[in-house]
Amino acid sequence: DRQSLLVALGGGVIGDLSGFAAATFMRGINWVQVPTTLLAQVDASVGGKTAINHPKGKNLIGAFHQPKLVVIDSNTLKTLPLREIRCGLVEIIKHGVIMDLPLLEQIEQYQTELLNLETEVLTDVIAQSCRDKAWVVKNDEKEADLRSTLNYGHTFGHALETLTDYHQCQHGEAVSVGMNCAAQLSVNLGLLDQQDLQRQNQLLQAVGLPICLADLQLDGISATDLLRTMYLDKKASSDRLKLILTPALGQVVIRQDVPDDEILKAIEMCKS
Ligand SMILES: NC(=O)c1ccc[n+]([C@@H]2O[C@H](COP(=O)([O-])OP(=O)(O)OC[C@H]3O[C@@H](n4cnc5c(N)ncnc54)[C@H](O)[C@@H]3O)[C@@H](O)[C@H]2O)c1
Ligand SMILES: [Zn+2]
């Protein structure tokens with residue numbers, strides 16, 4: 001009945017699916033989220049977005065429905081495959097790049113400890129990453145502008161996932177390559193220093209993440225196809241792509257005036 005409480009115990013897929021069920025069952029019941037992947041702990045469980053995929057696109061069907069409580073226990077990560085840990089780290093590094101330079105420095109300093117799941121630093125980094133995302137969501141829950149900055153690396157990443165039918169790479173891996181594309185584009189537009197691009201990419205690589213299309217064996221994808229798919233993404237408002245770029249590590253800027261040929265050039269540069 002309407003008084004039921006739904007508990008979502010699992011990764012982001014379980015969280016999104018359960019949250020969507022909770023949002024729609026009897027026009028909404030309460031739910032509690034217990035995320036058990038690093039990605040779900042630092043990203044999917046914060047912000048109240050729930051969604052399911054549709055053959056025509058990722059997250060096309062969904063609702064905003066905040067859980068009453070989110071319980072995070074980093075001990076659940078002990079059974080999580082390393083590949084999944086890396087995919088969670090991507091979102092944490094993303095938070096660092098767009099808004100939190102100290103967090104980025106902390107990950108640089110403690111990358112080994114993080115990959116070894118050492119509780120103290122891991123808990124610290126998870127908590128800080130949640131605070132960062134929560135701050136953004138609190139100030140822009142329905143994604144007017146600020147929240148869209150969380151899509152850094154995702155405009156490119158989602159297109160890669162769509163083009164490969166979500167089969168050839170993990171979300172986090174696509175986003176990691178997308179972060180390289182976004183940073184490269186930022187450099188090409190004269191926004192970001194080359195050293196900062198390298199610093200971001202070195203960290204991604206250090207924790208074992210791909211940065212080029214070739215790293216995912218996706219360099220056969222044409223830049224034009226990728227750009228076309230980016231335009232199909234539901235987040236492309238009107239006829240201009242909303243691109244999330246960085247002018248310096250720890251800062252973010254939204255641009256809707258970037259010419260297509262600049263985007264194509266950045267993609268080409270990130271092929272290998
Ligand atoms: N709602 C949001 O704001 C938001 C944000 C980011 C991502 N997402 C969504 O989250 C999903 C990705 O989440 P994910 O990376 O957690 O994927 P997932 O839920 O598929 O989990 C990854 C794998 O790990 C397994 N698993 C989960 N917990 C485990 C544990 N403790 N030990 C061992 N194995 C475990 C799962 O069974 C699964 O096979 C995507 O569908 C994405 O769209 C949603
Ligand atoms: Zn993501």
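# A predicted model: zinc site, helix packing and loops

Guide: Arg-27 lies in the loop between helix 1 (12-24) and strand 2 (30-35). The model under discussion is a predicted one.

Visitor: Is Arg-27 buried or exposed?

Guide: Arg-27 is exposed, with a relative accessible area of 82%.

Visitor: And what is its phi?

Guide: The phi of Arg-27 is positive, about 60 degrees, although the residue is not a glycine. Most residues other than glycine have a negative phi.

Visitor: Where is Gln-217, and what is the phi there?

Guide: Gln-217 sits in the loop between helix 9 (194-206) and helix 10. Its phi is positive at about 55 degrees, and Gln-217 is not a glycine. With 64% relative accessibility, Gln-217 counts as exposed.

Visitor: Turning to the metal, which residues coordinate the zinc ion (ligand 2)?

Guide: Glu-91 through OE, His-154 through NE2 and His-171 through NE2 coordinate the zinc ion (ligand 2), at 2.1 Å. Along the chain, these donors follow the spacing E-x62-H-x16-H. The two histidines link distant parts of the chain: His-154 belongs to helix 7 (residues 154-163) and His-171 to helix 8 (residues 171-188), 17 residues apart.

Visitor: Why does His-154 count as buried?

Guide: His-154 counts as buried because its relative accessible area is 5%, and the cut-off for buried is under 20%.

Visitor: How do helix 7 and helix 8 cross?

Guide: Their axes come within 7 Å and cross at roughly 135 degrees. That angle makes helix 7 oblique to helix 8. The crossing of helix 7 and helix 8 is right-handed.

Visitor: Which residues meet there?

Guide: From helix 7 come His-154, Phe-156, Gly-157, His-158, Leu-160 and Glu-161. On the helix 8 side they meet His-171, Ala-174, Val-175, Val-177, Gly-178, Cys-181, Ala-182 and Leu-185. By class, this contact of helix 7 with helix 8 has eight nonpolar, five polar and one charged residues.

Visitor: How many residues of helix 7 are buried?

Guide: Eight of the ten residues of helix 7 are buried, so the helix is mostly covered. Those buried are His-154, Thr-155, Phe-156, Gly-157, His-158, Ala-159, Leu-160 and Glu-161.

Visitor: What covers them?

Guide: The cover of the buried residues of helix 7 includes strand 4 (57-64), helix 3, helix 8, helix 10 (223-232), strand 6 (243-245) and helix 11 (260-269).

Visitor: What follows helix 7?

Guide: Asp-165 follows helix 7, and the phi of Asp-165 is positive, near 55 degrees.

Visitor: Back to helix 8: how does helix 3 cross helix 8?

Guide: The axes of helix 3 (residues 82-99) and helix 8 come within 8 Å, crossing at roughly 35 degrees. Helix 3 passes helix 8 in a left-handed crossing.

Visitor: Which residues make that contact?

Guide: Helix 3 contributes Arg-83, Cys-87, Val-90, Glu-91, Ile-93, Lys-94 and Val-97. Helix 8 contributes His-171, Gly-172, Glu-173, Val-175, Ser-176 and Met-179. By class, the contact of helix 3 with helix 8 has six nonpolar, three polar and four charged residues.

Notes:
Residues are numbered from 1 along each chain as its sequence is written. Chains are lettered from A and ligands numbered from 1 in the order in which they are written. This is a predicted model: local features need pLDDT of at least 70, side-chain atom pairs count only at pLDDT 80 or more; totals for chains, interfaces and linings use all residues. Side-chain values use heavy atoms; hydrogens and water are left out. Donors are N, O and S atoms within 2.8 Å of the metal (3.2 Å for Na, K and Ca); water is not among the atoms, so sites may look incomplete. Helices (H or I, at least four residues) and strands (E, at least two) are DSSP runs, numbered from the N terminus. Buried means under 20% relative accessible area, exposed over 50%, partly exposed in between (1.4 Å probe, protein chains only). Axes are lines fitted to C-alpha atoms, for helices over the stretch in contact, and angles run from 0 to 180 degrees between N-to-C directions. Angles under 35 degrees count as roughly parallel, over 145 as roughly antiparallel, 65 to 115 as roughly perpendicular and the rest as oblique. A crossing is left-handed if the near helix is turned anticlockwise from the far one by less than a right angle, and right-handed if clockwise. Contact means heavy atoms within 4.5 Å. Ala, Val, Leu, Ile, Met, Phe, Trp, Tyr, Cys and Pro count as nonpolar, Asp, Glu, Lys and Arg as charged, and the others, Gly among them, as polar.
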